[in-house]
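Please work through the following exercises with the sequence and the coordinates at hand. Each task is followed by a worked solution.

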Amino acid sequence: MQQPVLVDPYAAQAATGVRPGTIRQWLRRGKLTHHGYDRDGRALVDLDELQAHLTAKAA
């Protein structure tokens, strides 16, 4: 199994264009898996999971 690419919401925005607030809402609603926090207290998400969610949402 591939290791997750964990990024904070701001790095995720740079990669996907999804606003950090939207990513935090998806985390709260259970649409994305929460992978802890970075040392600055920002939530971590799996970039591959986020991109898969966007692909499924677009279909």
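The exercises below concern a predicted model.

**Exercise 1.** Determine how the axes of helix H1 and helix H2 are oriented, and which residues meet.

*Solution.* Step 1: helix H1 spans residues 9-16 and helix H2 spans residues 20-28. Their axes come within 8 Å and cross at roughly 115°. Step 2: angles from 65 to 115 degrees count as roughly perpendicular, and H1 and H2 are therefore roughly perpendicular to each other. Step 3: the crossing of H1 past H2 is right-handed. Step 4: H1 contributes Pro-9, Tyr-10, Ala-12 and Gln-13, which meet Pro-20, Ile-23 and Arg-24 of H2. By class, the residues of this contact comprise five nonpolar, one polar and one charged.

**Exercise 2.** State whether Leu-6 is buried, partly exposed or exposed, and describe its surroundings.

*Solution.* Step 1: Leu-6 lies in strand E1 (residues 6-7). Step 2: because its relative accessible area is 39%, Leu-6 is partly exposed. Step 3: beyond four places in sequence, Leu-6 touches His-35, Leu-44, Val-45 and Asp-46. Step 4: the C-alpha atoms of Leu-6 and Ala-43 are 9.4 Å apart, with a sequence separation of 37 residues.

Methods: Residues numbered from 1 in each chain as written. Predicted model: local features only at pLDDT ≥ 70, side-chain atom pairs only at ≥ 80, totals over all residues. Heavy atoms only, no water. Axes fitted to C-alpha atoms, helices over the stretch in contact; angles between N-to-C directions. Helix = DSSP H or I, 4+ residues; strand = E, 2+ residues; numbered from the N terminus. Parallel < 35°, antiparallel > 145°, perpendicular 65-115°, else oblique. Left-handed = near helix turned anticlockwise from the far one by under 90°. Contact = heavy atoms within 4.5 Å. Nonpolar A, V, L, I, M, F, W, Y, C, P; charged D, E, K, R; others polar. Buried < 20%, exposed > 50% of the residue type's maximum accessible area, 1.4 Å probe, protein only.
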